[in-house]
Amino acid sequence: MTAALARPIHLRYAAPSELAAAPLHSSVRLSLDSARGPVGVRGTLRDAALFRDAMGALAAILESDLRYKGRDRTAYLAYLMKKGKKATAAIWEAQKAFLESAYGDDAASAKQGDGAPSPGKSAGALDPVLTVHPDEVSIEVFSRDESAYARLAFSSDLFEGREAAHGTAFVDLSPRIVEQIDRLRVYTRVELDAGASRAAAAAALIERSLDVPTTWLRGFLQVQSAATLPAVSCELAPIDLYNALFVLRTRKAKKPPRGLRFELVPGKAPRLILEPWETLLESHGPPYDGPPRVVRTFGRQRLLALSRLLPHVRSARAELRGPGLPVFWVLDLGRATLTVALTGWTDSSWASAASFDALMPRGEARAALDALAGRQLALLRERGPLPLAALAAGGSAEDARAALQLECLRGRVLYDVARRVYRPRELFAEPVDEREIRYSSPREAAAHRLLAAPGAVRPTKVHEIAGEGTEIHGEVADREAHRDFSPRFTMDLEGRVSDAWCSCPTFRRSGLREGPCEHMIALRVAYARERAEKDALRQTAEGRALIRAETRTYVRREASGAEVVYRVSLDDRVVHLSWGTRGKEDPRHQRIWFDTDVEARDAYFKRLDALTSSGYVDADASSA
């Protein structure tokens, strides 16, 4: 099923959000979408400074956009035209039309003095989502470049004289109200009125129709679904977050990799390593309790938006999921909690195709999941927030998680990462059909058509390029075209795809200017599926017997802070060893030949077990 390009949404606000200030009293009035019924909260804030700084950090995440923006060369082209140079009017007009289509909406919004939503039909992201729960009030935002999600939850304890009507609605969080909150006088009495008071003049009514791109909705719900997956978590002290932000603020990485690496050793406090400088930060949080891991995460630059909250942070928790999936940061702010999910890419790009594929339910399980999902949603509506154990009582925890993941994709349930409970949250009056957001483009739909044919997509060669990434070759049998194609691409150390090529007519005509062809996307997804299957198989004796070629990297941190890297490779009947201290010496090498591949495989896994018993940690086990 191919998705529509956009979902039409109509928003209706009784009045723009505003701040009413008096010498001894201030009132923050947030306007909610009136189409969702009586929803709102009202009360006096016990900690106005926390509210002001948290809303400022939330707005920074909402407005963040790290996508590359080309320079405006229209003035220079006009200058060349005056000089009689080779710059035609057609080139000039085309340049202006491109800039207007790419950045016209943002520029128009910035020029509006009040920042209020303008009437008429437009394409863009949804407004922030406000939900009033029995125990808290939360606001959810998704960044402009679709790479960062944040959920700010204010505890009921923050309000004095709290009055609430439970439910979900969109909230007008325009630049104007954000600027007013930023100047809030926190030493006076401050009251929050979010939708509870709807009395407004008819002239102040604001109506806005939006065509929300499917890619934006897909990315927003993808984060919700990924939150339900099992994770490895570690606790950090506020000073650890400060140290990491200080390094990011004072240094600029000019070459990849640009990751934030976690070294998690059981019984020891987590270590943070900032690449490419290999800056080691010893954390001051509690000892890590879990399996040994080295996890590389990306999207670290977006953490700078949290700087304003450092005075309020009591503790920080990082939750690390599978490769390519978002990394969740949970900040305990006392009477509030901020949950931030960071992806490793900006915009819904080719890199996210394989990750989103892992979140979708398979067709054969859909009917059973639908029935289970309906029962769990009814239970949440009746009893409120519940942990997975309560929802899975009397059944399988994996089945319950898959059903709840499906409801997250439909926009009717969210997973509260901070408190590890599921909450009912109706994003729209009608649930989203997850099949409509299954594919981000017709080419991705065509890629999954190819993947549905057994054996049609095969990765033929995976070549590890030291210091650069992984080169992947494949063969795709397109039965509708009655032809075979040979796509290939290189994934760098940050998971980005480069140096792509395919023998199909689409690539020969336009290269990558129109995006990757369906054969490249199919190979990317097939490689991710094959890698996941191999990782699961290698945990069994039967799966190990099938491995003929593999490379694993193990690391160990010495007391001096030096990192010893041990790389072990199996290639048929040869075991290749490489070891040394990172950045201080050239690695040493050793090749061992065996008479049979069985002997080589046994020696390979014995070497890995010996490294584990010596305190080395598998650096390939998890990479977010």
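Visitor: Glu-319 and Arg-317, buried or exposed?
Guide: Both of them are buried in this predicted model. Their side chains meet in a salt bridge, with 3.0 Å from N to O.

Visitor: And which salt bridge does Glu-319 form with Arg-321, I mean how far apart are the closest N and O atoms?
Guide: For Glu-319 and Arg-321 the closest N and O atoms are 3.3 Å apart. Arg-321 is buried, as is Glu-319.

Visitor: Which residues do salt bridges with shared partners join into one network?
Guide: That network takes in Arg-261, Glu-263, Arg-271, Glu-275, Glu-278, Glu-282, Arg-296, Arg-557, Glu-563 and Arg-582.

Visitor: How many salt bridges does the count come to?
Guide: The count is 43 salt bridges. One of them pairs the side chains of Arg-42 and Glu-163, at 3.0 Å from N to O.

Visitor: Where do Arg-42 and Glu-163 lie?
Guide: Arg-42 is in strand E4, residues 40-45, and Glu-163 is in strand E9, residues 159-165, so this pair ties together parts that are 121 residues apart in sequence.

Visitor: What's the relative accessible area of Arg-42, and what does Glu-163 come out at in relative accessibility?
Guide: Arg-42 has 27%, which makes it partly exposed. Glu-163 is at 45% and also counts as partly exposed.

Visitor: Switching to rings. How many aromatic pairs does the count come to?
Guide: That count is 13 aromatic pairs. Take Phe-142 and Trp-216: their ring centres are 5.5 Å apart and the planes sit at 75 degrees, so this pair is edge-to-face.

Visitor: What parts does that pair tie together?
Guide: Phe-142 belongs to strand E7 (residues 136-142) and Trp-216 to helix H5 (residues 214-226), so the link is between parts 74 residues apart in sequence. Phe-142 is buried, at 4% relative accessible area, and Trp-216 counts as buried at 5% relative accessibility.

Visitor: Why is the pair of Trp-216 and Phe-220 called stacked?
Guide: Their ring planes are at 5 degrees, with the centres 5.4 Å apart, so the pair is stacked; the cut-off for that label is planes under 30 degrees apart. Along helix H5, Trp-216 and Phe-220 are four residues apart, so about one helical turn separates them. Phe-220 is buried as well, with a relative accessible area of 2%.

Visitor: Which residues form that aromatic cluster?
Guide: Phe-142, Trp-216 and Phe-220 are in it, together with Tyr-149.

Visitor: What about a charge over a ring: where does Arg-7 lie?
Guide: Arg-7 lies over the face of Phe-428, 4.4 Å from the ring centre.

Visitor: Last topic, helix H6. How many residues has it got, and how far does it reach?
Guide: H6 has 13 residues, 238-250, and reaches 19 Å from its first C-alpha to its last. That's close to the 18 Å expected at 1.5 Å a residue.

Visitor: Which residues of H6 are buried?
Guide: The buried ones are Asp-240, Leu-241, Ala-244, Leu-245, Val-247 and Leu-248. Looking down the axis of H6, they fall within an arc of 155 degrees, so they line one face of the helix.

Visitor: And what covers those buried residues?
Guide: The cover includes strand E13 (232-236), strand E15 (271-274), strand E16 (279-282) and strand E19 (327-332).

Note on methods
Residues numbered from 1 in each chain as written. Predicted model: local features only at pLDDT ≥ 70, side-chain atom pairs only at ≥ 80, totals over all residues. Heavy atoms only, no water. Helix = DSSP H or I, 4+ residues; strand = E, 2+ residues; numbered from the N terminus. Expected span 1.5 Å × (residues − 1). Buried < 20%, exposed > 50% of the residue type's maximum accessible area, 1.4 Å probe, protein only. Arc of directions from axis to C-beta. Contact = heavy atoms within 4.5 Å. Phe/Tyr/Trp six-rings, centres within 6.5 Å; stacked < 30°, edge-to-face > 60°. Lys NZ or Arg CZ within 6 Å of the ring centre and 35° of its normal. Salt bridge = Lys/Arg side-chain N within 4 Å of Asp/Glu carboxyl O.
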